[in-house]
Amino acid sequence: MVFPERFSNLPEYAFPRLRTLLDGMEPGGDPILMTIGEPRHAFPAWIDKVLADSIQGFAKYPENDGTLALRTAQADWLGQRYGVDVDPVTQILALNGTREGLYNACMALCPEQKNGQQPVVLTPNPFYQVYAVAALSVGAEPMYLPATAATGDLPDFHAVDPAILDRTAIAYICSPANPQGAVASEAYWEALIALAEKHDFKIFADECYSEIYRDDAPTGALQVAQKMGADPERVLIFHSLSKRSNLPGLRSGFCAGGPQNIARLKQLRAYSGAPLPLPLQAVAEAVWRDEDHVVENRALYQEKYAIADEVFGDVQGYKGPEAGFFLWLPVQDAEQATVKLWQETGVKVLPGSYLAREVDGVTPGHDKIRVAMVAEKEEMRRGLMLIRKTLYD
């Protein structure tokens with residue numbers, strides 16, 4: 001039987017790989033799970049009424065592009081949050097979770113060739129793994145750019161050979177970054193967009209952690225692109241209710257960008273998409289229009305930042321995140337630290353190397369563990385104290 005070669009070199013996905021690593025090992029205490037970025041704060045209490053009032057929508061096929069009411073709510077939110085002007089009819093597509101959009105955008109928009117050669121897709125390293133699979137799916141060459149302390153935990157696109165940039169079709173970037181929590185500044189976005197204009201590639205900006213931050217609200221890619229007067233098709237942004245509103249199971253996100261990009265995404269989605277059921281679109285519309293719960297949620301994470309700083313502040317190499325809800329903690333060996341924590345304390349974390357690829361013999365994150373600060377505050381504090389005692393004292 002013949003199978004495709006393009007996925008033959010994919011490593012096991014991070015979480016099955018973690019299960020394999022810890023298989024057969026007993027936890028050294030009551031388990032505290034700090035691996036998956038699944039928010040556990042309360043979502044808005046009024047959602048049940050919105051869902052109940054919309055329940056008859058399950059009797060209908062949902063609109064593939066998202067209802068106009070939902071897309072208008074998303075466009076209005078972008079206007080309020082970033083001051084950008086987006087047409088809900090032509091510049092927004094509702095998604096069944098942003099992973100779908102991050103994958104299908106590459107399928108819809110990456111050309112078969114760029115300047116007569118195999119196209120390149122740039123991605124940070126470490127990174128959200130769908131970026132690499134999307135590149136491989138379209139026959140592009142994925143190129144992994146280190147996003148480490150030496151580069152400010154964001155990829156240095158300007159360090160890429162200009163000949164490679166001329167072959168580049170798409171550059172993925174996550175800001176705030178998963179896992180490091182770094183935030184792209186306005187100057188960073190300006191420089192990246194100018195580079196994309198010069199070498200004619202698209203920027204896919206994964207901004208799903210944008211509403212969880214320590215001090216200042218992160219600048220958005222589309223915000224800067226419009227301010228610069230860049231090509232409207234240059235930047236595509238992706239947002240989600242998973243982190244902003246503690247609703248990962250709702251599977252509601254959207255992408256926004258130039259009308260030509262969105263038209264091609266809509267065309268592909270008409271054939272292959274799985275639209276959100278109408279009652280869930282009604283819930284998402286209401287949630288995008290409410291900011292009170294977002295402010296409350298952010299305050300809870302800001303308390304967690306303070307706890308993390310208190311626990312690890314004097315640990316050499318510790319850097320608290322600017323945004324997002326992950327700690328990116330320094331260790332000697334990521335897998336060894338993960339096993340030690342599980343066997344001695346029951347705290348489960350993720351080796352940083354499971355989020356990266358080896359390039360030139362180096363795997364970014366081999367000396368880091370990712371710790372998700374999603375549990376209830378006191379449980380999280382207990383987990384962090386066990387990490388501190390086991391790995392650093």
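Modeller: Axes are lines fitted to C-alpha atoms, for helices over the stretch in contact, with angles running from 0 to 180 degrees between N-to-C directions, while helices (H or I, at least four residues) and strands (E, at least two) are DSSP runs numbered from the N terminus. The model is predicted, so to speak of local features requires pLDDT of at least 70 and side-chain atom pairs count only at pLDDT 80 or more, although totals for chains, interfaces and linings use all residues. Residues are numbered from 1 along each chain as its sequence is written, and side-chain values use heavy atoms, leaving out hydrogens and water.

The axes of helix 13 (residues 334-345) and helix 14 (residues 377-391) come within 10 Å and cross at roughly 110°, and the two helices are therefore roughly perpendicular to each other (an angle of 65 to 115 degrees). Where helix 13 passes helix 14, the crossing is right-handed, meaning that the near helix is turned clockwise from the far one by less than a right angle. On the side of helix 13, Ala 337, Lys 340, Leu 341, Glu 344 and Thr 345 take part in the meeting, and they face Leu 386, Ile 387, Thr 390 and Leu 391 of helix 14; contact here means heavy atoms within 4.5 Å.

The sheet beside this pair is an open one of three strands, in the order 9-12-11 and with antiparallel pairing, where two strands pair if DSSP finds at least two bridges between them. Strand 9 (326-330) and strand 11 (350-351) stand at its edges, each with a single partner strand, so one side of each is left without a neighbour in the sheet. Strand 11 is joined to strand 12 (residues 368-372) by two bridges, and these strands run antiparallel; within that pairing, Pro 351 has Ile 369 of strand 12 as its bridge partner. Helix 13 packs on this sheet, touching strand 11 and strand 12, and its direction makes about 45° with that of strand 12.

Definitions and conventions: Angles under 35 degrees count as roughly parallel, over 145 as roughly antiparallel, 65 to 115 as roughly perpendicular and the rest as oblique.
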